[in-house]
Amino acid sequence: MTEKTDSTKTAINVSSEYGRLNAVLLHRPGIEIERMTPENANEALYSDILSKHIVDREYASFCGVFEKWTKVYYVEDILRDLMDNDDVRQLIVSKSCKLDGCEHIIDELMRHPSQQLAKELIEGVPYHDDTDPLSFKDERYTLKPLYNLFFTRDASSSVYNEVLINSMSFRVRQRETLIYKSIFEDYFRTKTFCAMDHNRNARTEGGDVQIASPDLLCIGMGIRTNYKGIKYLADKFGQEREHFRILVQELPHKPDSFIHLDMVFTFLGSHQCMAYQPMLDKTGNFADKSTTLIEMDHGKMKVTECANLLEGLKACGMEMEPVYCGGPDSWYQDREQWHSGANFFALGDGKVIGYERNVNTIESLNKAGFSVLDADEVCSGKTDLHDYDKFVVTFKASELPRAGGGARCMTMPLNRD
């Protein structure tokens with residue numbers, strides 16, 4: 001359901017992780033995901049390299065489910081339209097080239113048609129012997145590909161009726177924020193805010209930011225989001241509202257599967273969540289990781305230690321029943337968490353989507369009352385999501401999980417009931 005973009009159709013409004021989804025921003029993985037080698041995969045924040053023709057099939061099932069449920073916007077379509085605006089084009093091109101140290105190609109890129117330029121900003125610009133300094137030869141790309149752009153969650157976050165432009169921790173992802181800032185300011189005409197505008201050392205990423213309720217955020221603090229970023233959010237919302245709370249879960253810095261809060265905890269609905277049990281039990285890698293409730297009351301801050309996320313949510317009036325990633329067996333909990341077994345996205349209250357491969361997790365959801373639906377049958381029309389009050393849609397994926405994220409990572413909700 002790709003259509004001509006229209007900024008009058010969707011207003012940014014997300015006050016929970018599980019309200020009925022009315023609009024979402026996705027990005028179909030393009031050729032950029034194959035523009036890396038085993039040598040530079042780590043720099044691109046990948047632990048492996050991907051095969052695009054397999055990713056295409058897997059992602060088609062994923063986005064096909066959303067197209068059956070809600071309005072879907074695609075990043076490249078919006079970016080192409082934005083490139084018709086000369087001022088926006090100049091800003092994005094010049095800032096992108098400055099970040100990658102290739103200002104010498106700005107004039108060349110400015111002459112390219114909008115559709116071509118939109119692709120180049122995402123897929124990268126290959127090195128040209130006749131125009132490029134030799135310093136780019138070994139890297140192969142003068143303007144680097146945005147390998148992680150299909151994780152639309154990370155670089156921007158819908159937070160209530162504004163958009164948080166996240167201050168990315170790694171340079172390879174910083175150019176993504178230029179695109180999202182323009183999408184939300186110039187296309188959706190939405191107010192944005194950014195922690196780095198107030199403290200250059202503050203860091204936030206969307207995988208760590210979860211909206212529990214209109215006055216409560218759950219935030220992971222680890223290698224991607226730091227205390228300065230969380231403090232900025234507490235100060236911002238604490239000044240804007242009489243009462244506001246942030247529940248902070250400290251995350252291990254290693255291994256990579258714990259990079260964001262949504263890799264160990266996601267909301268399934270108003271009363272259920274998916275959780276990695278060692279995070280709740282404070283065992284293994286989480287043995288010394290704190291859970292802290294920050295309460296802002298008329299601008300004054302109060303900090304309280306909590307036993308775990310569930311107890312912290314309970315203290316805020318939210319009783320949550322956990323479903324365990326990987327089921328009750330610790331062996332399978334570790335295996336399935338590694339491949340985003342806790343990373344679910346809610347289409348609505350009790351209506352979620354996630355990887356089929358995490359069979360023990362899916363079995364646990366089924367036992368908790370979720371009907372298990374196949375994404376391909378949803379896409380073909382054989383299964384109608386509206387016939388089920390509570391469900392988990394599973395989609396087949398072998399390549400996508402190797403990129404280090406799941407269903408929540410690949411979605412940017414724009415509007416929820």
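Axes are lines fitted to C-alpha atoms, for helices over the stretch in contact, and angles run from 0 to 180 degrees between N-to-C directions. Angles under 35 degrees count as roughly parallel, over 145 as roughly antiparallel, 65 to 115 as roughly perpendicular, and the rest as oblique.

I also wrote down the source notes. The model is predicted, so local features need pLDDT of at least 70 and side-chain atom pairs count only at pLDDT 80 or more, while totals for chains, interfaces and linings use all residues. Residues are numbered from 1 along each chain as its sequence is written, and side-chain values use heavy atoms, with hydrogens and water left out.

Helix 3 passes helix 7 in a right-handed crossing. A crossing is left-handed if the near helix is turned anticlockwise from the far one by less than a right angle, and right-handed if clockwise. I listed the contacts (heavy atoms within 4.5 Å): Val88, Ile92, Lys95, Ser96 and Leu99 in helix 3 meet Gln174, Arg175, Leu178, Ser182 and Asp186 in helix 7. By class, this contact has four nonpolar, three polar and three charged residues. Here Ala, Val, Leu, Ile, Met, Phe, Trp, Tyr, Cys and Pro count as nonpolar, Asp, Glu, Lys and Arg as charged, and the others, Gly among them, as polar.

**Helix 3 and helix 5.** I then turned helix 3 towards its contact with helix 5. Their axes come within 12 Å and cross at roughly 30°. Helix 3 and helix 5 are therefore roughly parallel to each other, and their crossing is left-handed. Arg89, Ile92, Val93 and Ser96 in helix 3 meet Ser114, Leu117 and Leu121 in helix 5. I sorted the residues of this contact into four nonpolar, two polar and one charged.

**Helix 2 and helix 5.** Next I looked up helix 2 (residues 75-82) and helix 5 (residues 114-123), whose axes come within 8 Å and cross at roughly 125°. That makes helix 2 oblique to helix 5. Helix 2 passes helix 5 in a right-handed crossing. From helix 2, Glu76, Leu79 and Arg80 meet Ser114, Gln115, Ala118, Lys119, Leu121 and Ile122 in helix 5. I counted four nonpolar, two polar and three charged residues in this contact.

**A pocket.** Rolling a probe the size of a water molecule over the atoms shows where empty space is left. On a 1 Å grid over the protein atoms alone, a cavity is a set of points where a 1.4 Å probe fits but cannot get out, and a pocket is an open set with protein on both sides within 12 Å along at least five of seven lines; lining residues have an atom within 4 Å of a point. Grid points are joined across faces, edges and corners, and a volume is the space filled by probe spheres set on the points.

I read a volume of about 350 Å³ for the second largest pocket. Its lining has 15 residues, of which Gln174, Thr177, Leu178, Cys194 and Met196 lie nearest its centre. Helix 3 (86-99), helix 7 (174-187) and strand 7 (192-193) are the elements that give two or more residues to this lining. Which element gives the most to the lining of the second largest pocket? I found helix 7, with four residues. The lining divides into seven nonpolar, five polar and three charged residues.

**Cavities.** I found three cavities of 30 Å³ or more in the structure. The largest cavity has a volume of about 70 Å³. It is lined by 13 residues, and Glu17, Arg153, Ser158, Ile211 and Pro413 lie nearest its centre. Strand 5 (156-159), strand 8 (209-213) and strand 20 (412-416) each give two or more residues to this lining.

Most residues other than glycine have a negative phi, and most peptide bonds are trans. I noted that phi of arginine 189 is near 55°, a positive value in a residue other than glycine. Arginine 189 sits in the loop between helix 7 and strand 7. The peptide bond from lysine 254 to proline 255 is cis, with omega near -5°.
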